[in-house]
Amino acid sequence: MSATDSPHSTAAPRGPRFRPLFFAAMFFFVVGVIGVLASIAIPLLSSSNEGPTWVYLVGMLCTPLGFVLAIIYALISGRRPKR
């Protein structure tokens, strides 16, 4: 009896349905972390004491947005599919 003939075999498992949400979460989180690091590095490397405002905004908005999207993805993808 082969693996495909077993009485317990089911259809091929489908991949996660919400994969674009995962990639969006990772994108926003990484961009936000880069913004945070840039907001620290720019004043250290330049002669001014402040960095551009948009760098602070990117770090302040993208990091938590990516984190929230990752939590939503984890909650949605962790549920069992309804039969």
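Modeller: A contact, or touch, means heavy atoms within 4.5 Å. The model is predicted, and local features need pLDDT of at least 70, side-chain atom pairs count only at pLDDT 80 or more, and totals for chains, interfaces and linings use all residues. Residues are numbered from 1 along each chain as its sequence is written, while side-chain values use heavy atoms, with hydrogens and water left out.

Of its 83 residues, 16% count as buried, that is, under 20% relative accessible area with a 1.4 Å probe and protein chains only, where over 50% is exposed and in between is partly exposed. Among contacts between residues at least 6 apart in sequence, 66% join residues at least 24 apart.

Helix H2 covers residues 53–77, which makes 25 residues. From its first C-alpha to its last it reaches 36 Å, close to the 36 Å expected, the expected span being 1.5 Å times one less than the number of residues.

Which residues of H2 are buried? They are Val55, Gly59, Cys62, Thr63, Gly66, Leu69 and Tyr73, and they pack against helix H1, residues 19–45. Ala70 also lies in H2, but counts as partly exposed, at 30% relative accessibility. Ala70 and Ala24 stand 46 residues apart in sequence, yet their C-alpha atoms are 8.5 Å apart in space.

The packing of the two helices can now be described. H1 and H2 meet at an angle of about 150 degrees, with their axes 7 Å apart; axes are lines fitted to C-alpha atoms over the stretch in contact, and angles run from 0 to 180 degrees between N-to-C directions. The two helices are therefore roughly antiparallel to each other, a term for angles over 145 degrees. H1 passes H2 in a left-handed crossing, meaning that the near helix is turned anticlockwise from the far one by less than a right angle.

Ser39 lies in H1 and is buried, with a relative accessible area of 16%. Leaving aside residues up to four places away in sequence, Ser39 touches Val55 and Tyr56. Val55 is itself one of the buried residues of H2.

Terms used. Helices (H or I, at least four residues) and strands (E, at least two) are DSSP runs, numbered from the N terminus. Angles under 35 degrees count as roughly parallel, over 145 as roughly antiparallel, 65 to 115 as roughly perpendicular and the rest as oblique.
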